[in-house]
Amino acid sequence: MTLRTRWKKAIGAAGAVAALAALTASTPAHAAPVHHYYLEVGGTGSVAPAPDCTSTFLNANEHLDGGIPVPVCYPASAGPWLNGHNAPDLGAPSYDASVQEGIRNLLAAAEDTHRRDPSARLTIVGYSQGAQVADQVLGAIAAGRTGIPRSQVNGMLYADPMQPGTGVWAKVPKGWSALGFTSTGAAPEKYDGVPVRRFCIRTDLACDATSLQSVPGFLNQHPKYWQKGSIMDQTIAQNGGDGITWYDPQ
């Protein structure tokens, strides 16, 4: 069964429960199960064919403890340097363009999932470029710019370029732009009413741009979050809470 099939099946089941409850209003009510969806935005170069959309979370999705993955498709590119398959490509969308499409697609997926299953919990998960996308959408939800209740949402961000204090965009002045990359500045330390946890391996330039060691550290540490048995596998279902969890270089 594909990820999308599981998602649709769960949403269909929620609708069926609601219809049955309406038809049997005279009988004692039983609470419908609350589904938990993980809206997932992968990193640069991780594109997979729909409906999987990204290869970033293939291992982590085995550890959702009954949660339902909702992969979000977007270019995941940094053209012309890298396309969604990690190869140079003159026609690939720039990093900035890719992030903007990711924001639109993640927001649409979150709003659609909530509309179809209004009581569900939503965990927004992002890695690297996908964490930057997730940051922007979490900010929109926290600011009340969507119809999604903040109390039903949390974030899990890995190797976040917007990580407060230490991320690469926290260190580069906001608005600085070159070669298709524009600094957003740092994310807030907390989003109002929306818990967000971040995970960073020290010396990973994306989230720990604090020393010269972060340049080679990016190459060494950045791919290690999503490997089998590593950080994502161990933490993705531990949603809730705020703050940064640090790991020593692996």
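Residues are numbered from 1 along each chain as its sequence is written. Because the model is predicted, local features need pLDDT of at least 70 and side-chain atom pairs count only at pLDDT 80 or more, whereas totals for chains, interfaces and linings use all residues; side-chain values use heavy atoms, with hydrogens and water left out.

The protein chain contains 6 helices and 8 strands (DSSP runs numbered from the N terminus, helices being H or I of at least four residues and strands E of at least two). From the N terminus, the order of elements is α-β-β-α-β-α-β-α-β-β-β-α-α-β. Of the 250 residues in the protein chain, 49% are buried (relative accessible area under 20%; exposed is over 50% and partly exposed is in between, with a 1.4 Å probe and protein chains only). Contacts are defined by heavy atoms within 4.5 Å. Among contacts in the protein chain between residues at least 6 apart in sequence, 71% join residues at least 24 apart.

The whole structure holds 3 aromatic pairs. Rings of Phe, Tyr and Trp (its six-membered ring) pair if their centres lie within 6.5 Å, and planes under 30 degrees apart count as stacked, over 60 as edge-to-face and the rest as tilted. The pair of Tyr-95 and Phe-181 is stacked, because the ring centres are 4.9 Å apart and the planes stand at 25 degrees. Tyr-95 belongs to helix α2 (residues 95-116) and Phe-181 to strand β6 (residues 181-182), so this pair ties together parts 86 residues apart in sequence. Tyr-95 is buried at a relative accessible area of 7%, while Phe-181 is partly exposed at 25%. Tyr-127 and Tyr-225 form a tilted pair, because their ring centres are 5.8 Å apart and their planes are at 55 degrees. This pair links Tyr-127 in strand β3 (residues 121-127) with Tyr-225 in the loop between α5 (214-221) and α6 (231-235), 98 residues apart. Both Tyr-127 and Tyr-225 are buried.

In α5 the buried residues are Ser-214, Gly-217 and Gln-221. Viewed down the axis of α5, these residues fall within an arc of 50 degrees, so they line one face of the helix; the arc is taken from the directions from the helix axis to the C-beta atoms. An α-helix has 3.6 residues a turn, so residues three or four places apart point the same way. Val-215 and Leu-219 are exposed on the face of α5 turned away from its buried side. The cover over the buried residues of α5 includes β7 (196-201).

Gln-132 lies in helix α3 (residues 129-142) and is buried, with 2% relative accessibility. Beyond residues up to four places away in sequence, Gln-132 touches Tyr-95, Val-99, Asp-160, Pro-161, Met-162, Trp-169 and Thr-184. Thr-146, in the loop between α3 and β4 (153-158), is buried at 13% relative accessibility. Neighbours within four places in sequence aside, Thr-146 is in contact with Leu-107, Glu-111, Ala-140 and Ile-141. Thr-146 and Leu-107 are 39 residues apart in sequence, with a C-alpha to C-alpha distance of 8.6 Å.
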